[in-house]
Amino acid sequence: PVLAKFRRTATATGRLSSSDPNLQNIPKGSQLGSELRKAFVAPKNMKLIGADYSQVELRILAHLSEDEELMETFEKGEDLHTKTAAEIFDVERSRVDEKMRDRAKRVNFGIVYGITEYGLSRDLGISREEAKNYIERFFNLYPKTREFIDQLIELAEKNHYAATIFNRRRYLPNINSKNWQQRNYDRRNAINTPIQGSAADLMKVAMIDVKQKLDEGELPGKLLLQIHDELIMEVPESVTKEARQELKETMENSLKLKIPLKVDVESGDNWGEL
């Protein structure tokens with residue numbers, strides 16, 4: 001068996017890290033990564049289940065900022081990336097193609113990480129002016145997110161730390177530094193910590209909830225792996241359907257937000273099928 005090591009305190013965001021081997025770093029989208037995942041096979045009469053939080057950081061942003069447009073998008077189950085793409089490219093949603101959607105997706109998640117116009121221009125291979133326009137259009141569509149981000153920076157400058165929903169702190173000693181690189185690094189973390197850090201905390205709470213269900217016999221099988229926003233379980237084949245539903249409900253109720261958490265669940269005979 002592959003017995004990877006997991007560390008709770010190795011990352012600044014609070015996420016678990018994996019090593020020896022790093023099972024969190026097998027790329028899902030690449031051909032090689034897909035082939036590697038197929039090598040992890042469920043034993044006879046067992047199935048693997050993968051449960052993945054959908055856009056959890058953006059949902060946390062909606063919850064914390066209370067932006068009506070962003071909250072409504074999740075409440076209605078709309079495609080956030082398509083909606084943002086229609087805004088930043090000024091087209092009807094029906095005319096948004098995959099390239100537009102992918103760029104909008106990077107803008108959406110870039111906002112969570114406190115991305116600058118320079119960072120976005122480098123990421124997308126576009127001019128800084130175009131990147132600035134994308135960011136402005138995002139904030140025009142979701143105006144309260146800009147107010148919220150400004151408040152996060154102001155609080156960090158005053159308190160010298162940022163905190164997650166669960167009140168886990170990350171100290172930011174250079175938030176008021178005269179060195180612009182150090183200052184901007186801590187400014188990004190002032191934005192990132194309440195959002196990505198809260199997502200990291202949520203996953204740990206979800207793992208505790210899943211463990212409790214396993215111990216009480218309400219959820220059959222065992223927890224194998226945690227990868228960013230996803231949990232991988234091994235369950236008896238005969239109860240796959242019930243286990244999928246129980247895992248989904250458990251994870252979706254690990255934290256009550258103003259908008260619903262959503263978990264996508266897949267099952268298969270090997271990791272590559274999830």
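Start with the open sheet: four strands in the order S6-S7-S3-S8, paired antiparallel. Strands here are DSSP runs of E with at least two residues, and helices are runs of H or I with at least four, both numbered from the N terminus. Two strands pair if DSSP finds at least two bridges between them. This is a predicted model, where local features need pLDDT of at least 70 and side-chain atom pairs count only at pLDDT 80 or more, while totals for chains, interfaces and linings use all residues. Residues are numbered from 1 along each chain as its sequence is written, and side-chain values use heavy atoms, with hydrogens and water left out.

Now select S3 (46-53) and S7 (230-236). Seven bridges join this antiparallel pair. Pick out glycine 50: its bridge partner in S7 is isoleucine 232.

Contact means heavy atoms within 4.5 Å. Axes are lines fitted to C-alpha atoms, for helices over the stretch in contact, and angles run from 0 to 180 degrees between N-to-C directions.

Go to serine 177, in the loop between strand S5 (169-171) and H9. Serine 177 counts as buried because its relative accessibility is 16%. The cut-offs are under 20% relative accessible area for buried, over 50% for exposed and partly exposed in between (1.4 Å probe, protein chains only). Not counting residues up to four places away in sequence, serine 177 touches Gln182 and Arg183. Show the side chains: serine 177 makes a polar contact with glutamine 182 at 3.3 Å.

**Helices H4 and H7**

Select H4 (80-88) and H7 (128-141). Their axes come within 9 Å and cross at roughly 115 degrees. From H4, the contact uses Lys83, Thr84, Glu87 and Ile88; from H7, Tyr134, Arg137, Phe138, Asn140 and Leu141. Of these residues, four are nonpolar, two polar and three charged.

**Helix H6**

Finish at H6 (117-124). Which residues of H6 are buried? They are Gly119, Leu120, Ser121 and Leu124. Their cover includes helix H5 (98-112) and H7. Step just past H6 to glycine 125, which takes a positive phi of about 70 degrees.

Note on methods
Nonpolar A, V, L, I, M, F, W, Y, C, P; charged D, E, K, R; others polar. Polar contact = N/O pair within 3.5 Å; in protein donor to acceptor, adjacent residues only side chain to side chain.
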